[in-house]
Structure formats: C-alpha cells, structure tokens
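Trainee: I would like to learn how to read helices and their surroundings. Could we go through an example together?

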Amino acid sequence: MAIQDELQETIEQLVQKGKGILAADESNPTIAKRFDAIGVESTEEQRRRYRSLILETPGLGDYISGIILFEETLEQRTDEGTLLPELASLQGVVAGIKVDKGKGPLANAPGDEITQGLDGLEQRLAGYKAQGARFAKWRNVYHISSHTPSPLAVEANAEVLARYAAICQSQGIVPIVEPEVLMDGEHDIQRCAEVSEVVLHALFHALHRHRVVLEHALLKPSMVTPGNRHPHQARPEEVARETVRILRRTVPAALPSINFLSGGQSPEQATANLNAMNALAPQPWELSFSYGRALQQPALLAWKGDPDNVAAAQAALYRRAGLNGAARRGEYQTNME
Ligand SMILES: O=P(O)(O)OC[C@H]1O[C@](O)(COP(=O)(O)O)[C@@H](O)[C@@H]1O
C-alpha cells in the first residue's frame with residue numbers, strides 16, 4: 001500500500017466519534033511510581049499482567065480507538081500466549097508506540113529540558129511496525145517559571161518534534177506530537193495561555209518547515225489551566241474557553257484531531273474539561289483524549305496487583321472510558337459519576 005494511503009487508513013481508525021486514545025506507555029520509572037502508589041513492585045511480570053488486564057478489558061474498543069504502548073509491551077503475551085499488540089487489534093484498537101527516549105537538561109538553557117531519541121529512529125520504527133505498531137508518540141515538556149520556557153527551548157523542542165514527525169511519516173507511521181506545558185507552578189491561567197500559544201505557534205511552524213502532512217498527524221497538547229499551586233483552580237468552562245481560544249489561533253484546520261493529555265488532572269476533572277470543550281462545538285478539528293492517569297487511575301486502585309481484582313479493574317477502566325466517550329460528544333454530566 002502507498003505510504004499516504006497507509007497513513008490515511010490509520011488516521012481513520014484512530015479518529016472516530018465517541019472514541020479516544022488510551023496512553024499505556026509509561027516508561028519504567030513512571031510505571032514504577034504508579035505501581036508504588038498501590039503497593040505493587042514494578043517487575044516485568046507485573047507490568048505484563050497489568051497491561052494484559054488493560055488489553056483484555058471486555059468491550060475496550062467501544063470507546064478506545066488506539067492504545068499507546070511501551071517498547072517492552074510489544075513483545076509481551078497474555079497468559080494464553082496472545083501477543084499484546086495482536087490482542088489490541090482483536091479488540092478493534094490500533095496499537096501505537098512511545099518512541100522518545102525520555103528528557104534531560106537542555107544545555108545553556110537553565111531549567112529547560114529537551115527530549116532525546118532521534119538517533120536511529122528510522123530503524124527502530126521499521127522494527128516497531130513489523131511488531132504491529134501503526135502510530136507513534138513523542139513527548140516534549142515545557143516548564144513554566146519566571147524565566148522558562150526560554151526562546152531557545154521553544155525553538156529546539158519544536159525542531160525535535162517536527163523531525164520526529166517527518167521521520168514517522170516517511171515510514172508510514174502516524175505521529176502524535178505531544179508538547180506538554182507542565183502544570184507545576186503557581187502561575188495563573190493567562191500565563192499558561194501565553195506559554196501554550198508560543199509553544200504551539202513554534203511547533204506548527206517547525207512542522208511546516210519539515211513538510212509534515214498535517215492531515216496525517218495528531219496533536220496531544222496539555223489543556224490551558226492555572227498552575228497546580230495557584231490558589232484558584234479554574235472551572236471547566238474557563239479551561240475550555242482558554243484552551244480552545246489558543247488552539248484556534250495556532251492549530252491549522254487540516255489537522256484531524258486534538259487528543260489531550262491529562263497531565264495530573266483527576267479523572268473527573270479531565271472528563272469535565274473535555275466535555276466543556278466539546279460543548280463549544282463546532283471546531284475545525286475533533287477534540288478527544290489520549291489520557292494516561294485520568295483513564296487508568298480507577299483501574300489501578302481497583303486492581304492493587306491482586307488477580308482476584310482483575311474484573312473490577314477492567315470494569316473501572318471501561319466505565320471511565322465510557323464517560324470520556326460521552327465527553328467526546330459533549331454529553332457528559334457530573335451526575336453520571
Ligand atoms: O513515562 P513518561 O515517558 O515520562 O510519560 C508519562 C506519560 O505521559 C503521557 O504522555 C500522558 O499521560 P497523562 O495523561 O497521565 O498525563 C503518557 O502517554 C505517558 O505515559
């Protein structure tokens with residue numbers, strides 16, 4: 001199949017009404033933190049059990065169109081011996097892969113970070129594709145403080161994300177570009193809006209420079225919110241208004257869908273905020289989710305590493321996915337909780 005047709009097919013599978021993407025691609029240090037909170041040691045076997053549980057959830061594909069996996073998951077199997085990416089496809093869910101190699105300090109930009117992983121990416125993608133991955137994800141982070149993100153960090157990160165996206169498309173893999181403006185800090189919502197606008201503007205400029213086909217890419221941004229140490233948290237209507245205002249200024253209509261990250265919001269907050277955005281319809285793009293914590297947290301709490309809790313954990317995940325499916329249509333109400 002021609003590369004453009006392949007990319008288009010993946011986009012059509014990923015972007016569906018009432019559905020979104022499940023992020024289950026925590027790197028080993030991140031999943032260790034999540035497991036630690038429920039008293040489970042992060043061994044390869046426990047990660048296999050947990051991620052099998054997620055993928056075996058009955059009806060997962062009702063509200064989930066794609067799942068982002070971590071490298072090791074591509075090779076893992078269920079107790080019955082089915083490869084996990086194969087199971088995703090049996091559930092009607094497209095398998096994707098996190099391809100960045102994590103972040104570190106950006107030289108000569110104190111307080112800013114840059115994400116690694118471009119070296120050898122083309123070859124790695126060919127391998128992941130052979131293992132069943134059809135899309136990829138790369139996350140960059142931006143810290144808000146009095147002096148960050150610096151113009152250098154904004155430019156360097158945009159360049160890296162655009163290079164990653166161009167390489168993915170050349171391999172027939174749909175790129176999800178994730179510029180996360182972190183919510184840590186005391187800043188107000190206006191400061192987050194200003195930073196998000198600068199970051200997205202630079203990112204789309206870089207995507208254009210690198211000739212990335214926007215019709216065949218997805219954006220995974222953070223929502224515009226006050227910092228988590230700001231005295232007043234914003235209501236969903238305010239988050240929705242500010243987020244959509246910034247997205248409309250910076251994201252071309254050619255991009256099919258914007259799938260938000262949850263970034264530390266509670267599951268209920270993330271659902272209510274997405275719902276409020278969809279209530280502002282129509283927009284040029286679909287507004288959906290690509291949550292990690294906000295989808296998985298209730299399932300993790302129900303599971304606690306105990307095989308007897310698998311069905312309860314799957315029910316919790318299915319329920320949360322359904323509520324976000326409703327938010328995707330602007331039909332969620334808090335009394336559904
Ligand atoms: O383990 P990493 O690479 O730090 O990534 C952390 C997580 O952040 C995400 O990009 C977004 O997750 P959240 O919705 O929990 O913020 C996930 O895809 C990823 O698992």
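Mentor: Gladly! A residue is buried if 20 or more other C-beta atoms lie within 10 Å of its own, exposed if 12 or fewer, and partly exposed in between, with C-beta atoms placed from the backbone. This is a predicted model, where local features need pLDDT of at least 70, side-chain atom pairs count only at pLDDT 80 or more, and totals for chains, interfaces and linings use all residues. Residues are numbered from 1 along each chain as its sequence is written.

Trainee: Which residues are buried in α9?

Mentor: Helices (H or I, at least four residues) and strands (E, at least two) are DSSP runs, numbered from the N terminus. In α9, the buried ones are P267, A270, T271, A272, N273, L274, N275, A276, M277 and N278. Ten of its twelve residues are buried, so α9 is largely enclosed by the rest of the structure.

Trainee: What covers the buried residues of α9?

Mentor: Two residues are in contact if their C-beta atoms, placed from the backbone, lie within 7 Å. The cover includes α8 (236-250), β9 (257-260), β10 (286-291), α10 (293-303) and α11.

Trainee: How do I describe two packed helices?

Mentor: Use the angle between their axes and the distance between the axes. Axes are lines fitted to C-alpha atoms, for helices over the stretch in contact, and angles run from 0 to 180 degrees between N-to-C directions. Here, the axes of α9 (residues 267-278) and α11 (residues 310-328) come within 7 Å, crossing at roughly 20°. That makes α9 roughly parallel to α11; angles under 35 degrees count as roughly parallel, over 145 as roughly antiparallel, 65 to 115 as roughly perpendicular and the rest as oblique. From α9, P267, T271, L274, N275 and N278 make the contact, with R320, L323, N324, A327 and R328 from α11.

Trainee: What about α5 and α6?

Mentor: The axes of α5 (residues 121-130) and α6 (residues 151-170) come within 10 Å and cross at roughly 45°. These two helices are therefore oblique to each other. Their meeting involves L121, E122 and L125 in α5, and Y164, I167 and C168 in α6.

Trainee: Where does G132 lie, and is G132 buried or partly exposed?

Mentor: G132 sits in the loop between α5 and β6 (135-142). G132 has 18 C-beta neighbours inside 10 Å, so G132 counts as partly exposed. Leaving aside neighbours within four places in sequence, G132 is in contact with L74, P85, E86, S89 and A95.
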